[in-house]
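Please take me through this model in a viewer, one selection at a time. At each stop, say what to select and what is found there.

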Amino acid sequence: MTWTHLIPVAAIAIWTASPAAAAESQRFDIPAQRLDNALITLGNAAQISIGGIDQRLAGARSKAVHGRMTIAQALTTMLRGTGFTYQIVDTQTVRIVALAPRSKPVRPAPRPAVPPPRASAAAPAPAEIVVTATKQGQALDSYPGTAHIQSVGGIGLGENQGTAAFIARIPTLTSTNLGPGRNKLFVRGIADSSFSGPTQSTVGLYLGDLRLTYNAPEPDLRLYDIDRIEVIEGPQGTLYGAGALGGIVRIVPRMADNGGFHASATVGRSVTRDAEPGYDLGGMLNIPVIADRMALRVVGYNQVEGGYIDNATLGMRNTNRTRIDGARANLRVEPGDNWTIDLNAVIQNIDTRDGQYADIDQPLRTHAANIAQPHDNDFKATGLEIAKDWGDLKLLSSTGIVDHDLSDTFDATGYGGNPEIQIFQGHEAIRLLTHETRLSHGMPSGNSWVAGVSLVRNIDRIDRRLGPLGAPVTLAQLRNQKTEVAIFGEATQRIAPRLSGTLGGRVVFAETIGELMGGSGEDFEPKRRQIRVLPTAALSWKPTSDLLTFLRYQSGFRSGGIAITGGQINSAQRFDSDSIHNVELGVRFGSEADSARPRFSGGITAFYSIWTSIQADLIGSDGLPFTENIGRGTVYGAEINGRWHVTDHLFFDGALFINRSALTNPVEGLEEADERPLPNVARTGGRFTAAWESPLSDRLSLKLDGTVRLIGASSLGTTAPLILEHGETTQLDFSASLAARDWALTLDATNLLNVSGNSFSYGNPFTVALGKQITPLRPRTVRVALRLGF
């Protein structure tokens, strides 16, 4: 079977200790049902690891599997007559692949037995085949754009980690480093500012099809029971609308299955050099409610990250301790005829006692502040998804509601020349409603299309106070309401045997209503409306089955709004919409599916973006935040990535990027910023990973993983007082895992060289202009964890 035939594929990875144990039989009791659910049930029953499953499997019906048999026999029975078969890729991996059209049913030829399973339910699968974030289920090896996919749960990308874990694995995905639940994500150098305010995020963040943010910092959800992370570089305005200037980050959770009860539990303990210890607890329950019709999956976790920053003024050590509590639930109903209904709920609270910055005139990892500066991030979301599958044709209707509350406190002593201790308190309440209904169609030939309608309504209330301890007065109270209604469509069509074209567009009607409560400001319209058209076009050419070249044009925008005027009480001003246009040229090569020889795959991409009327949340020399359009800029760069499977046990993976940006045409009053780089994105960076896995016995396997990450220099801001350099750090991490059928023991060590560095030069806005603040990396931290599967 050729690689071309693997396009309509489900990738099911079975990682193991030894091929010999696959001959051992066990009892299965799996009724006939949708094939994708049956395969998940088989994986859970046999304690094998499941990778990303192709949506096409939902249109097939499995055969019942009853009795005692080997895993290979169970797969053969289940897949008989479905149009799919299984394929042994190597001694560790099995894939479910579609049979070639009009071919006779294939009985698997005699091969090495299917390897026995490992305990970890999230061992990394081979390269994902289908990119679900394209909303068309496009094959990764034919997608005319740049996408990154990372499996979750294996070593190096553990369940207890948050966004920082996959940022470390994808060099073009970057972030500020204010602390858990306070950061802004950036993709491909499209970075507006270091601070979160009324401007919409430049990256769209999703949990499945549930949109998580609009203008808030990313909530930093823990990755318990998450299958994979998909990052689609942008802009992605055609498919995702406003706020996807840099791209999309899609967190894909595991869903409930009705094949049987199963559970997992994880307990970890971490020790940080010269800091408080930490711990993490997590668990998952999958409960069948009605056989073949309804199941419930519940995830819960509690985590404490030990503090490592001292406060010299208060004489306190390790003040930035963080506690994270969260839960997630999925109720899946399958009423029949390939209808699926999913009700989802997410809750997570982050409580950080103090900022994680230091002052350069203080001892290592120490700052001086008259009060503690805590942060609180409370996130809640619910979503309803209704889907219908007709095989190649799919319907999805998704509705979500997000309730997000954020609170910050800063030491404002000295503001306005007042030597007395003063406090600044900021509170933001965000209510987000989203809906999308879309119809998509995909074919084995690679032709595909998607069309839909969407609604987004975001209400953001900002309340800022400043004054003496215990009696701060209101600076301003602001309400922004943004509504976007859109129709969109995108289609990929084969033009010639090896040439395909993509065309798409989105028409957006956007309305912004701004209100300054109890104050005055610029004489602006309280309501603004606009219509935007966001096109995309691409050409892709596959001269061979494992080589793809593509040229793509994409666009995006963000709506305008009103923002509090820095330095003035009860005053606001309007900021305008911004837009971006991007051209991308890329090559992807290699195939990891060919196990007959060492496999090498990779890609090279170059891009150029023009960004007009850039919106930016800034702070003034007095420390107060404000928002304005800073001018026109350009961003361009290149990235190179490669993966080499040297043997079945050893592989190397690496990526490098260069990025250049500039504010080429600043607005009046910001002429000093002409040609200065945009903030927070390193001008160079890279990552190199080496991983090795080998069986120790029939039931045990050992895996080792080492990663070096290089972060180049960048600037905190484009305008004064934020023209401060940070970056230029090297971080070395190491992980090891010892796994058996129903348990895994892992060791993770981060920042092995115990580098302090300066990953971000901001902690307190009221003293950042002094140029003394740095944000050191977390010191060397070692975590030991045990994961059990039931």
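This is a predicted model: local features need pLDDT of at least 70, side-chain atom pairs count only at pLDDT 80 or more; totals for chains, interfaces and linings use all residues.

Start by selecting Asp257 and Arg297, whose side chains meet in a salt bridge with an N to O distance of 3.9 Å. Asp257 sits in the loop between E13 and E14, and Arg297 in strand E16 (residues 294-305), so the pair ties together parts that are 40 residues apart in sequence. Asp257 is buried, at 0% relative accessibility, and Arg297 is buried as well, at 7%.

Next, select Asp578 and Arg558. Their side chains form a salt bridge of 2.7 Å, N to O. Asp578 belongs to strand E32 (residues 578-590) and Arg558 to strand E29 (residues 547-558), so this bridge ties together parts 20 residues apart in sequence. Asp578 has a relative accessible area of 0% and is buried; Arg558, at 0% relative accessibility, is buried too.

Move on to Arg643 and Asp653. In this salt bridge the closest N and O atoms are 3.0 Å apart. Arg643 is in strand E36 (residues 631-645) and Asp653 in strand E37 (residues 650-666), so the parts tied together are 10 residues apart in sequence. Are these two residues buried or partly exposed? Arg643 counts as partly exposed because its relative accessibility is 21%, and the cut-off for buried is under 20%. Asp653, at 12%, counts as buried.

For a set of linked charges, select Lys135, Asp209, Asp227, Arg228, Glu230, Arg250, Glu436 and Arg438. A network of salt bridges links these residues.

Now go to the nonpolar interior. In soluble globular proteins, nonpolar side chains tend to be buried together. Which residues have the most contacts inside the largest nonpolar core? Select Phe166, Leu173, Leu212, Ile226, Ile229, Val249 and Phe379 to show them; the core has 28 residues. Colour the elements that each supply at least two residues of this core: helix H3 (163-167) and strands E9 (185-187), E10 (203-207), E12 (226-233), E13 (247-253) and E22 (375-389). Another core, of 19 residues, lies apart from this one and includes Phe28, Leu35, Ile71 and Leu75.

Return to Leu173 and show its surroundings. Leaving out residues up to four places away in sequence, Leu173 touches Phe166, Ile167, Phe186, Val187, Val231, Val249 and Arg709.

Then switch to a surface view and select Val267, Leu281, Phe734, Leu745, Leu747, Val782, Val784, Leu786, Leu788 and Phe790. Together these residues form a nonpolar surface patch with about 760 Å² of accessible area. Strand E41 (743-750) and strand E43 (781-789) each supply at least two residues of the patch, and E43 gives the most, with 4 residues. Val267 is in strand E14 (residues 262-272) and is partly exposed, at 42% relative accessibility.

Stay on E14 and select Ser264, which lies in that strand. Ser264 is buried, with a relative accessible area of 10%. What does the side chain of Ser264 join in a polar contact of 3.3 Å? The partner is the side chain of Arg787. Not counting residues up to four places away in sequence, Ser264 touches Gly282, Gly283, Met284, Arg787, Leu788, Gly789 and Phe790.

The next stops concern the backbone. Select Gly234 and Pro235: the peptide bond from Gly234 to Pro235 is cis, with omega near 10 degrees. Pro235 is in the loop between E12 and helix H4 (237-240).

Select Asp220, in the loop between strand E11 (210-211) and E12. Asp220 is not a glycine, yet its phi is positive, near 60 degrees. Asp220 is buried, at 7% relative accessibility. Asn751 also has a positive phi without being a glycine, at about 55 degrees. Asn751 lies in the loop between E41 and strand E42 (773-774) and is buried, at 1% relative accessibility.

Finally, zoom out to the whole chain, which has 4 helices and 43 strands. Of its 790 residues, 60% count as buried. Among contacts between residues at least 6 apart in sequence, 68% join residues at least 24 apart. The chain exposes about 28500 Å², and carbon and sulfur atoms supply 59% of that area.

Definitions and conventions
Residues are numbered from 1 along each chain as its sequence is written. Side-chain values use heavy atoms; hydrogens and water are left out. Buried means under 20% relative accessible area, exposed over 50%, partly exposed in between (1.4 Å probe, protein chains only). Contact means heavy atoms within 4.5 Å. Accessible areas come from the Shrake-Rupley method with a 1.4 Å probe; for residues, only the protein chains shown count as cover. A nonpolar core is a set of buried Ala, Val, Leu, Ile, Met, Phe, Trp, Tyr and Cys residues joined through side-chain atoms within 4.5 Å. Patches are made of residues with over 30% relative accessible area and no salt bridge: like charges are joined within 9 Å, nonpolar side chains (Val, Leu, Ile, Met, Phe, Trp, Tyr) within 5 Å. A salt bridge is a side-chain nitrogen of Lys or Arg within 4 Å of a carboxyl oxygen of Asp or Glu. A polar contact is a pair of N or O atoms within 3.5 Å; within protein, one must be able to donate a hydrogen and the other to accept it, and residues adjacent in sequence count only if both atoms are side-chain atoms.
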